[in-house]
Structures are given as structure tokens and as C-alpha cells.
Amino acid sequence: MCRPQVQSNRQSVNGSSGQSWDVRMNASQQNASMQCKLDNKISSVVFPCLYSALFLAAIVLNCLAAWIFFQIRSSSTFVVYLKNVVVADLLMTLSVPLKVLTDAGIGSTTLRAFYCRYTGVLFYTTMYISILLLGLISLDRYLKIVRPFGKCALQRVGVGKAVCAGVWVVMVAFALPNVILSDREFTVGRSKKLKCSSMKSDLGLRWHEGFNYFCQVVFWGTLVVMAICYTFISRKVYESYRASRSSSGTASKRTKSKVFVVVGVFFVCFAPFHLARVPYTLTQTRGPSAHCWDQKMYLAKEITLWLSATNICLDPLIYVFLCRVFRRKLTATLCRKPLANGGFESHTETSTKQEMSHMGHYNNANEFASD
């Protein structure tokens, strides 16, 4: 007599537990949906504002740097490399406004497609050109300490120009298929955001993934080269000051700070982005993920990408710290005191003559930060 009642009670309990589970699942999905909308709002409002501020600062700093550098004669590989960094940073800066419009959802579909196919490729290509050039600068500084009399072929100006041309050609050649293979119609993703990967063919997606791995090798390889070069530079500087029996540690501290600025800026700007980029690229090329994972990876990529983009504002610090002639011209410009005629060339020649004539360890080490 009691069994039907027990069974009905069990069914009632099972039904209520099932309804409770459904309620929890619906609540979880609603929370995930709200989080996705929040992430989308951050990427479409906050980042355009950050990039706009970055653009205003970068255009002023890099135009000033270009104006100064192209009044300086390319009498050393160091100046050649710095001039190429200025050009790369200027091109990257000029690509920022279109990124701002695209991220903010402003503009037509044609404008967004243009960003995906051309401007975005220019943004990344010039960033990696700048990374490679910073690696070449560290190698140049290393050779200047180890071979201070210019016996190495890499210290010749003509060779430096050829190396820079090679960097530009290689990076453009690897990036060009990203333009050519983005030939599909433009579509918008689930988050109502621009989805550049939808414009790529299957071959384009594979090339895009491979290109990202290549860029990872470029960055981490350059970081290793910089770490090795500046480690040897620091050790050589320390030995030189000890050999010269310098009683003052001011110059040594100044050199160490310059080493820290170059490596520190490079690592802080670029390392977080390269840790986040591979997982994000896989969400683009391997299909969408559940629970807004692809949107979260997009947000992580954008945060670290903005940090990488700040390098276009921080590179001028390297010019000021490492290039004496740039520092002199900048000071003269800000103070409105023109330099004497031939001030650029004569100063560079004087540095070279000092480097050739003084045989002491101290003078070689002191050339680390003054070209």
C-alpha cells in the first residue's frame, strides 16, 4: 500500500533536483554571458581610449626623433640601426588610428576589412622589425666593447645598411602571404567584434599560425641574444673600471642603468604578449571554444598587445640613453640653442678618434653608451 507513495515521492524528489540543476545551469550560463558582454565592452571602449592616448604621445615623440636623426650623418652602424628603428616605429604609429576605429566598432565593413588585410599586418610586421633591430643594437654595443677598433665586418656602415635591408625584406616577405591569403568575405564573430581570421582561407589560417610561431622564434631568440650581449657588456664594464682603479662608482652605476633600461624595456613590453599570443592564435585557427574562452583569450591578447605597443613611446628613451649625439641635439632643440656648424659630424668623428687613440680599458667601456 505504501510503495506507490514512495515511488511518487522519489519522482517528486528527482523532479525537483532536476529543476534545481537546470536553474543552476541557467544561472551559470547567464553569468558567463554577462562576463562575455563585459569583456566585449572593455575591448571596444577601454582599449580604443588607451590606443588613442598612445598614438598622441607616439606621434610627437617619433616625429621629433625622426627630425633629429635625419639631420645626423650615418657614420656608424649604431646610428643606422637607430634610424631604422625610428622608421619602423613611425609606420607602426601610423597604423594605430585605424586600429582604434576598428576596435571601437566605428566605420564601415570595408574599413574593417582593410584593417584586417593591410593595416593589421603592417602593425605586427613593423613591431617585429623593431624587435630585430633592437637585437642588432645590442650586438653592435657588444662588438664595440669586444672589438673597439672596428675590425669586425658587422661594424662597417655599409654592412649595417645591408643587414637592415635584409631585416625589412625578410619580415615583409613572411608577412605578405597574410595579405594575399585574406581573400574571403568579411564576417563578424559571435561577440559582434571584427574577426580577421574569418577572412583567411584554409591555407591562410595555416600560414597565419606558422607565422606566429616564426615570430615567437624571432622574439625569444632576440631576447637571448640581448641577454648574452648585455651580460658580457656588464662584465667587461666592471672589469674595465676595476682595471682603471676608478674611485668613483658613478660612471659604473650609469652604465648599469643603461643596460637595465634597454633589457628591461624590451622584456616588460614584449614578453607578456608572446606568452599570450600562441593560445589566442590557436583559438583563431582551431575553431571557437566554449564558455567565452576565445573572448577571454582575445582580451588577454589585447592587454598584452597594448603593452607591446607602448614600446613605440619607450624607444626614444633608448635614443636618449645610448646615443650621445641625439642627446646633444635634443637638448639644443629643447633649449633653443643651435649647435655649432658641423656639430653632428664633428662629434661623431671625435668619438671615433677617441676610441682609436685611447688604449685604456676605461675608455673602451665608456664607449658602451656613447656613439
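Student: What kind of model is it, and what are the ground rules?
Tutor: It's a predicted model, where local features need pLDDT of at least 70, side-chain atom pairs count only at pLDDT 80 or more, and totals for chains, interfaces and linings use all residues. Residues are numbered from 1 along each chain as its sequence is written, and side-chain values use heavy atoms, with hydrogens and water left out.

Student: What's the mean pLDDT of the protein?
Tutor: The mean is 76, and 68% of the residues reach 70 or more. pLDDT is the predictor's confidence in each residue, from 0 to 100.

Student: Where does pLDDT stay under 50?
Tutor: One stretch is residues 21-32, for which the model has one contact beyond four places in sequence (contact means heavy atoms within 4.5 Å). Residues 341-363 are also below 50, but that stretch has 32 contacts beyond near neighbours in sequence. Where pLDDT is low, the predicted coordinates should not be read in detail.

Student: OK, on to the inside. How many residues are in the largest nonpolar core?
Tutor: It has 68 residues, and those with the most contacts inside it include Tyr51, Tyr128, Phe266 and Phe326. A nonpolar core here is a set of buried Ala, Val, Leu, Ile, Met, Phe, Trp, Tyr and Cys residues joined through side-chain atoms within 4.5 Å. Buried means under 20% relative accessible area, exposed over 50%, and partly exposed in between (1.4 Å probe, protein chains only).

Student: Which helix gives the largest share of this core?
Tutor: Helix α4, residues 109-146, with 12 residues. Helices are DSSP runs (H or I, at least four residues), numbered from the N terminus.

Student: And what is Phe326 in contact with?
Tutor: Leaving out neighbours within four places in sequence, Phe326 touches Ala65, Ile68, Phe69, Ile72, Tyr319 and Val320.

Student: What makes the nonpolar surface patch?
Tutor: Trp220, Phe267, Val268 and Leu275 make a patch of about 390 Å². Patch residues have over 30% relative accessible area and no salt bridge, with nonpolar side chains (Val, Leu, Ile, Met, Phe, Trp, Tyr) joined within 5 Å and like charges within 9 Å. Areas come from the Shrake-Rupley method with a 1.4 Å probe, and for residues only the protein chains shown count as cover. Helix α7, residues 250-285, gives the most to this patch, with three residues. Val268 sits in that helix and is partly exposed, at 48% relative accessible area.

Student: Switching to charges: how many salt bridges are there?
Tutor: Five. A salt bridge is a side-chain nitrogen of Lys or Arg within 4 Å of a carboxyl oxygen of Asp or Glu. Lys99, Asp103, Lys301 and Glu302 are linked in a network of them.

Student: Which residues does Lys99 pair with?
Tutor: Lys99 bridges to Asp103, with the closest N and O atoms 3.3 Å apart, and to Glu302, also at 3.3 Å, N to O. Lys99 lies in helix α3 and Glu302 in helix α8 (residues 293-309), so this pair ties together parts that are 203 residues apart in sequence. Lys99 and Asp103 both lie in helix α3, four residues apart, about one turn of the helix.

Student: Is Lys99 buried or exposed?
Tutor: Buried, at 2% relative accessibility. Asp103 is buried as well, at 5%, and Glu302 also counts as buried.

Student: What about Arg184, which residue does it meet?
Tutor: Arg184 meets Asp202 in a salt bridge, 3.7 Å from N to O. Arg184 is partly exposed at 42%, and so is Asp202 at 47%.

Conventions. Helices (H or I, at least four residues) and strands (E, at least two) are DSSP runs, numbered from the N terminus.
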